[in-house]
Every structure is written in C-alpha cells, then in structure tokens.
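Subject: A structure for you to explore

Hi there,

Here is the structure I promised to pass on. Have a look at it first, and then read on for what I found.

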Amino acid sequence: MSRPAEGAPALTGAELFRALHRPRPQGDPLVLPGPWDAASARACVAAGFDALATPSAGVAASLGYEDGATPADEMFAAVARIARAVDVPVSADVEGGYGLAPEELVERLLEAGAVGCNIEDSDVSGVLKDPDEHAEYLARIRSAAADRLFVNARIDTFVHGDGDPEQAMARAASYVAAGADCVYPILAPAGLLPLLRSAVQGPLNMLARLDGEGPSPAELGELGATRVTFGPGLQRRAAAVLREIAAALR
C-alpha cells in the first residue's frame, strides 16, 4: 500500500481506500469483511483488516428489516455508527440509491463518514435498470463526489438478468467510463472471471462465500479479482452461531 512521504499531508479516508485497491498482486486481493454494526466493525478491525464494506442485507437483518426494505435514514444512521466506531475506511452498500438525487446521496454518504459506496444497477423489484440511464446516474455521483468517494458499481446481470457475460462486460465498460472506480458483477461464475477481468479496466470486485463452497478469496484473486467481499455472509454466520448458543441455553 502506498504511504505518504515523510512530511507530506496524510491521505484522506477516500485516498487511503483508493490506494488499497492499486496495485494488487495477482492472488492477493483486497479482502473487505462486511460488518453490520459497531461491535462487528470493531471485531473486524481487531482481526487486522485495513478497511470495511457494509452489506445492506446484513445491516437490514440487524435492524429487523428484509433485504431491500431498510429506510434510507436508518441505513445511513447504521453506516454512521460503524464509521464512528473504527479508524479504518468504511464503504457503504446503499443498494440502488434509495431514489435520492446523486448530489443528496453523496452528501448523505459523506455525512455518515463513508469513503466509498456500492450502487446496484437493479431496482427494488429486481428489474435491471437501463444501462445508459444508470451510467448517467453514476456520472452524476462522480461529479458530485469528485475524489471524495470510491464508487463500486454493482452489475446484477447474473442475479437478476439472464447471466449473459457480454451484457455484463458492456455494462462494466459503460460504468467505468461514467466514473466508477470499481465494478462488481455479483454472483458471476468463477469460471467467467478471467473473461471479465480481460474486459474490465480497473478494479474488479467478486463475492466469496463463507460456507466453504466456491473459490477462496486468494483463488478469486488468482483468477483476476482485485477485491473480495462477502455480502451478508458474516452476519448470517454470526446469527447461526447465536441460534446454536441460544438453543443450548434452553
């Protein structure tokens, strides 16, 4: 990771987060655990992680909502509690943007202390957005944020679309051209990763599972992933362990 020269100004949170993405040796992706509250965020930092990425589904579960049903105010408040609790960069999953204008979305993210965001290209009903309109939305986010936010553009063709890799690559190229720092073809088969890697300029985010199924983060890195996230995997695994403990107490 790049460090400022002695006497140089300290990196901002967004600059530090961006520096963590480049350059990454093949097989050594940036691994970002997904805390859902302040306590889990502190646990991740204590384990040695340099940055965090909140999962909207995990936060929703912790607040008593179904995935996709968290009110914007509650999501931003949860992100703010996480960001205040740790001294590492925090990127926030803000789903599809909650219908907010890009300028307001950027303002809310910065007020919460986030240095990055994850933006989906499908709506709450699971319908893919028009790629040109979404690219324009991303461009407005980039214009409003300048370099203050690291924008991760999620591509939902493998979860809500027909899984066509050509469509995913076209969306990726459009989003990067619009100013996205990273693209995230969620649930893309690992076998397609080399193809996606060859077509994507810049960092590529992939999802790893915590149940032992599928490639490990290091293996995803070998295939071309720049960074690896886990969605709500940590929260769901923690909830399962708690259920086991609770059952044993009865």
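How many bridges join β1 to strand β8, and do they run parallel or antiparallel? Three bridges link β1 with β8 (residues 227–229), and the two strands run parallel. Within this pair, Val31 sits opposite Val228 in β8. Before going further, please keep in mind that this is a predicted model.

**The open sheet**

β1 and β8 belong to an open sheet of three strands, ordered β1-β8-β7, with parallel pairing. At its edges stand β1 (30–32) and β7 (205–207); each has a single partner strand, so one side of each is left without a neighbour in the sheet. From one strand to the next, the twist averages 25°. As a reminder, strands of a sheet pair through backbone hydrogen bonds, either parallel or antiparallel.

Next, find β5 (residues 150–155). Is this strand buried or exposed? Six of its six residues are buried, so β5 is largely enclosed by the rest of the structure. In a regular strand the side chains alternate between the two faces of the sheet. In β5 both faces are covered: Phe150, Asn152 and Arg154 are buried on one side, and Val151, Ala153 and Ile155 are buried on the other.

β5 pairs with strand β4 (residues 116–119) through four bridges, and these two run parallel. Here Asn118 has Asn152 in β5 as its bridge partner. Together, β4, helix α6 (residues 131–145) and β5 make a right-handed β-α-β unit.

β5 also pairs with strand β6 (residues 182–185), again over four bridges and in the parallel sense. In this pairing, Ala153 has Val183 in β6 as its bridge partner. To get from β5 to β6, the chain passes through helix α7 (residues 165–177), and this β-α-β crossover is right-handed.

**Two packed helices**

Finally, turn to the helices. Two packed helices are described by the angle between their axes and the distance between the axes. For helix α2 (residues 38–46) and helix α4 (residues 72–85), the angle is about 35° and the axes are 8 Å apart. α2 passes α4 in a right-handed crossing. Which residues meet there? Ala38, Ala41 and Arg42 in α2 meet Arg81, Ile82 and Ala85 in α4. The residues of this contact comprise four nonpolar, no polar and two charged.

Enjoy exploring!

Best wishes

How values were computed
Residues are numbered from 1 along each chain as its sequence is written. This is a predicted model: local features need pLDDT of at least 70, side-chain atom pairs count only at pLDDT 80 or more; totals for chains, interfaces and linings use all residues. Side-chain values use heavy atoms; hydrogens and water are left out. Axes are lines fitted to C-alpha atoms, for helices over the stretch in contact, and angles run from 0 to 180 degrees between N-to-C directions. A crossing is left-handed if the near helix is turned anticlockwise from the far one by less than a right angle, and right-handed if clockwise. Contact means heavy atoms within 4.5 Å. Ala, Val, Leu, Ile, Met, Phe, Trp, Tyr, Cys and Pro count as nonpolar, Asp, Glu, Lys and Arg as charged, and the others, Gly among them, as polar. Two strands pair if DSSP finds at least two bridges between them. Buried means under 20% relative accessible area, exposed over 50%, partly exposed in between (1.4 Å probe, protein chains only). A crossover is right-handed if, with the strands pointing away from the viewer, the path from the first strand over the helix to the second runs clockwise.
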